[in-house]
Amino acid sequence: MHSLNRRKFIIQSATAGIGLGLMTHLPASARPTPAGPADGKRVGIIGLDTSHAIAFAKALNAEQQDPVYDGYKVVAAYPYGSKDIESSVKRIPGYIEEVKKMGVEIVGSIKELLGKTDVILLETNDGRLHLEQALEVFKAGKRMFIDKPVAASLSDTLKIYEASKKYNIPIFTASSLRYIKGIESIDKKKVLGADTYSPAVLEKTHPDFFWYGIHGVETLYTVMGTGCKSVTRVNTPNTDIVVGIWGDGRTGTFRGTRTGKHDYGGTVFTEDGNKVLGPYGGYEPLLVDIIRYFKTGEVPVTPEETIEIFAFMEAADESKRQGGKSVTLESVLAKANKK
């Protein structure tokens with residue numbers, strides 16, 4: 001009897017092994033589909049024209065997902081997307097193929113995407129499309145992370161936050177440079193001032209810093225907080241230096257570079273001495289906060305702070321137009337509110 005049982009076990013084991021061997025040779029479409037995410041944890045992506053979309057999908061759809069992401073998974077994506085920014089447009093076909101390999105379904109419209117998902121990563125690289133795309137998501141009643149820039153104008157930024165209020169759906173937006181290494185050791189109550197830097201590559205369809213300089217500006221605001229009253233900008237073809245004066249007398253500067261090696265960092269001046277920021281810490285800390293926001297609806301960055309960041313950048317553009325004169329944030333906000 002013992003011998004028969006042993007023989008049965010060997011046959012069953014061998015058969016199972018053959019089955020597994022055959023499985024690895026089946027095309028992906030013929031293999032059993034792994035279990036999908038639980039209700040409420042189906043993530044949709046709008047825009048496959050930025051590397052951020054791929055980075056987030058890889059983390060959430062990993063075979064051994066980090067428990068910190070709590071089972072949220074990208075299930076579908078609408079790939080478009082900028083139609084006329086070449087550096088973005090040319091990425092879309094390749095990124096479509098990448099996410100399909102991760103089990104992500106490609107859909108033909110945002111409406112179709114919203115019917116298959118619970119929460120949204122608005123990743124479109126082109127901020128000019130964000131207001132129109134975000135309104136569809138708001139109307140569907142879904143939480144949404146909007147990747148930088150929130151919009152391609154200060155007036156659209158304000159309209160997006162007005163819609164957020166109207167539909168009672170808080171939105172979260174941030175650059176991953178908000179989580180640069182060294183930030184965690186800063187006591188923001190003791191910050192006397194800060195100098196930050198990042199690349200500030202220009203894109204003709206966007207205000208100067210909205211496209212890339214936002215990374216360094218957001219780092220500045222992460223340590224300084226809100227309260228900047230006026231901005232002055234020095235501009236050359238290769239470099240920008242923006243000096244902000246806060247209402248309490250503190251100053252913060254941002255240096256945007258367009259030559260040399262891309263790098264991110266800064267110095268924070270505190271009551272206890274100077275602290276160095278950097279290097280860049282990757283996307284994971286941001287994604288952790290995105291998932292927390294999806295779960296709770298609580299935003300780690302207030303609308304007031306994000307709006308002031310974009311007013312700071314718009315004031316810097318206005319200062320450039322005026323030959324380096326001081327421009328108040330209040331003046332650019334008033335102008336944007338009229339549009």
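Helices α7 and α12 are roughly perpendicular to each other, a label that covers angles of 65 to 115 degrees, where under 35 is roughly parallel, over 145 roughly antiparallel and the rest oblique. Helix α7 (residues 154–166) packs against α12 at an angle of about 70°, with the axes 8 Å apart. This is a predicted model, in which local features need pLDDT of at least 70 and side-chain atom pairs count only at pLDDT 80 or more, while totals for chains, interfaces and linings use all residues. Residues are numbered from 1 along each chain as its sequence is written, and side-chain values use heavy atoms, with hydrogens and water left out.

**Helix packing**

- A word on terms: helices (H or I, at least four residues) and strands (E, at least two) are DSSP runs numbered from the N terminus; axes are lines fitted to C-alpha atoms, for helices over the stretch in contact, and angles run from 0 to 180 degrees between N-to-C directions.
- On the α7 side, Leu154, Ser155, Leu158 and Glu162 meet Val332, Leu333, Ala336 and Asn337 of α12, where contact means heavy atoms within 4.5 Å.
- Five nonpolar, two polar and one charged residue make up the contact of α7 with α12; here Ala, Val, Leu, Ile, Met, Phe, Trp, Tyr, Cys and Pro count as nonpolar, Asp, Glu, Lys and Arg as charged, and the others, Gly among them, as polar.
- Helix α12 (residues 329–337) also packs with helix α11 (residues 303–321), at about 100° and with axes 9 Å apart, so α11 and α12 are roughly perpendicular as well.
- From α11, the residues in this contact are Ile307, Glu308, Ala311, Phe312, Glu314, Ala315 and Glu318, and from α12 they are Leu329, Val332, Leu333 and Lys335.
- The contact of α11 with α12 has seven nonpolar and four charged residues, and no polar ones.

**Cavity and pocket**

- The whole structure holds one cavity of 30 Å³ or more, and the largest cavity has a volume of about 50 Å³.
- On a 1 Å grid over the protein atoms alone, a cavity is a set of points where a 1.4 Å probe fits but cannot get out, and a pocket is an open set with protein on both sides within 12 Å along at least five of seven lines; lining residues have an atom within 4 Å of a point.
- Grid points are joined across faces, edges and corners, and a volume is the space filled by probe spheres set on the points.
- The largest cavity is lined by Lys148, Val150, Thr173, Ala174, Ser175, Ile214, Glu218, Thr306, Ile309 and Phe310.
- Helix α11 gives the largest share of that lining, three residues.
- Seven nonpolar, seven polar and two charged residues line the second largest pocket.

**Strands**

- Six strands form an open sheet with parallel pairing, in the order β3-β2-β1-β4-β5-β6; strands pair if DSSP finds at least two bridges between them.
- β3 (105–106) and β6 (171–172) stand at the edges with a single partner strand each, so one side of each is left without a neighbour in the sheet.
- Strands β1 (residues 42–46) and β4 (residues 119–122) pair in the parallel sense over four bridges, and Ile46 stands opposite Leu122 of β4.
- Strand β7 (residues 191–199) pairs with β11 (residues 265–270) in the antiparallel sense over six bridges, with Phe269 in β11 as the bridge partner of Gly193.
- β7 also runs parallel to β10 (residues 251–257), joined by seven bridges; Ser198 stands opposite Gly256 in β10.
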